[in-house]
Amino acid sequence: MSGLDLTLKIWRQKSSVDNGGFETYDVKGLNSHMSFLEMMDVLNEQLVTQNKEPVAFDHDCREGICGMCSMVINGRPHGPLKGTTTCQLHMRHFNNGDIITIEPWRAKAFPVIKDLVVDRSSFDRIIQSGGYISVNTGSAPDGNAIPIPKDIAEEAFDAAACIGCGACVATCKNASASLFVSAKVSQLSLLPQGQPERKERVNKMVAQMDSEGFGHCTNTGACEVECPKEISIEYIRKMNLDYNVNNIKS
Amino acid sequence: MNNYLTSNIFRKVLASLSGLFLVTFLIGHLLGNLQLFIPGVEGQTQFNKYAFFMTTNPVVKLLSIITYSAIFLHIFITLYLVIQSKRARPVQYAVSNGKDNSSWSSRNMSVLGTVLLFFLIVHLKSFWYEMHFGEMPYQYLSDGTKIKDLHLITTSAFQNPFYTFFYVFCMVALSLHLKHGVESAIQTVGLKIPSYEKFFKYGAMLVAFSIPAVFASIPIYLYVSSL
């Protein structure tokens, strides 16, 4: 079987203070069953044998559930395939001779650390500000100890599918984190356990989102299209309504 | 209130509510403009009397102050947010593929808004400024009184094909601005609940198409009837 030959234009940046720029690499004879990250591994092995610095990129589970991989591939976070992370994108979706541009997530709140690796600790600080419930830990509670209607449980679970990768920010023309924050607010505010801190949570998380330097939401809907977990902007509406009602009441 | 008043969501709510208010203004303005379809001296008299009423009635004056405030609020809030979103992404992408995930109008609201601001300035100069400060022709009514002839100013303005084209072009921009704006405003305030999603979606499309289309039909009618 003949392999896939590609030209890669990759963003290289030595450190957060370096200006950075694109470098072009040729990779030849790739197996089309490889994942995109495996293709990057091949490139890096090639660079190492040439005594060149390999391309730094984030990755961890490589099975689409951790949210670490983060590449903008030809202008789309996680590449062209719907509902997939970069690690689950396979080279069969590309054609021989393609030129692929690979960039890091671009946002003020996601500064580049090196090459394609960005610092997403702004997301962690948003979670720390209120994305939790305060409960005493103990032995695991019985299943269905608190009855929750099926449709509500499903809706909360769909929000909880967010892996916090930041593709929503990366694709948003305003670098808004609204989809991420709304998913993290909703996964708790929909459930009984989330009610005691519901109001405080949305206020604190929205305030933290603003202070991290993310942009505002203009409802283009790009985030829900690019989200690897296909999280709906309906959660943004819910968050806005919660936030507005809370603050107008008080 | 924590920092609600300085939050981006609140700023967006202000942009949304001012925008939705301006839609109601557009409907009012459009209903007034429909009088331009009335032919002959009868139409001229009615339109000029209407213009006189609109520039002198105290309730209308109060409404106009609210409208101007909404326009300024809408411009300044959205300008602030646009600058802020530019700052939120200091380094741009070399390749971006917006067309794969969002509509053109949703990505270009600021461009469309700028076209509409330019239109507004030209429009106010052509009619509002002339009516208030310009040297206006007069229409002499049958009871002997005279009244500023805005009807003549309007019909002669739209004898110019370029001015007519400019007006129609700006109505296309208005249509695209409303297409995203109305639906987005309802989402921002949090009312686009899923069970009414189709109602809001098609309602917004109806508003976005019908208002600019009827607005544009008037100058086209005036231009064609001047030929």
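Modeller: **The sheet in chain A**

Ile10(A) stands opposite Ile102(A) in β5(A). Before going on: this is a predicted model, in which local features need pLDDT of at least 70 and side-chain atom pairs count only at pLDDT 80 or more, while totals for chains, interfaces and linings use all residues. Residues are numbered from 1 along each chain as its sequence is written, and chains are lettered from A and ligands numbered from 1 in the order in which they are written.

Back to the strands (E in DSSP, runs of at least two residues; helices are H or I runs of at least four, and both are numbered from the N terminus). Two strands pair if DSSP finds at least two bridges between them.

Put together, you get an open sheet of five strands in chain A, ordered β2-β1-β5-β3-β4, with mixed pairing. At its edges are β2(A) and β4(A), residues 76-77; each has a single partner strand, so one side of each has no neighbour in the sheet. Helix α1(A), residues 36-49, lies across β1(A) and β2(A), at about 100° to β2(A). Axes are lines fitted to C-alpha atoms, for helices over the stretch in contact, and angles run from 0 to 180 degrees between N-to-C directions.

Now for chain B. Helices α5(B), residues 109-133, and α7(B), residues 161-189, pack at about 135° with axes 9 Å apart. That makes α5(B) oblique to α7(B) (under 35 degrees is roughly parallel, over 145 roughly antiparallel, 65 to 115 roughly perpendicular, the rest oblique). Among the residues making the contact are Leu112(B) and Phe119(B) of α5(B), and Leu174(B) and His177(B) of α7(B). Contact means C-beta atoms, placed from the backbone, within 7 Å.

Finally, the two chains meet: 38 residues of chain B are in contact with 38 residues of chain A. On the chain B side, α1(B), α3(B), α4(B) and α7(B) each give two or more residues, and α1(B) gives the most, with five.
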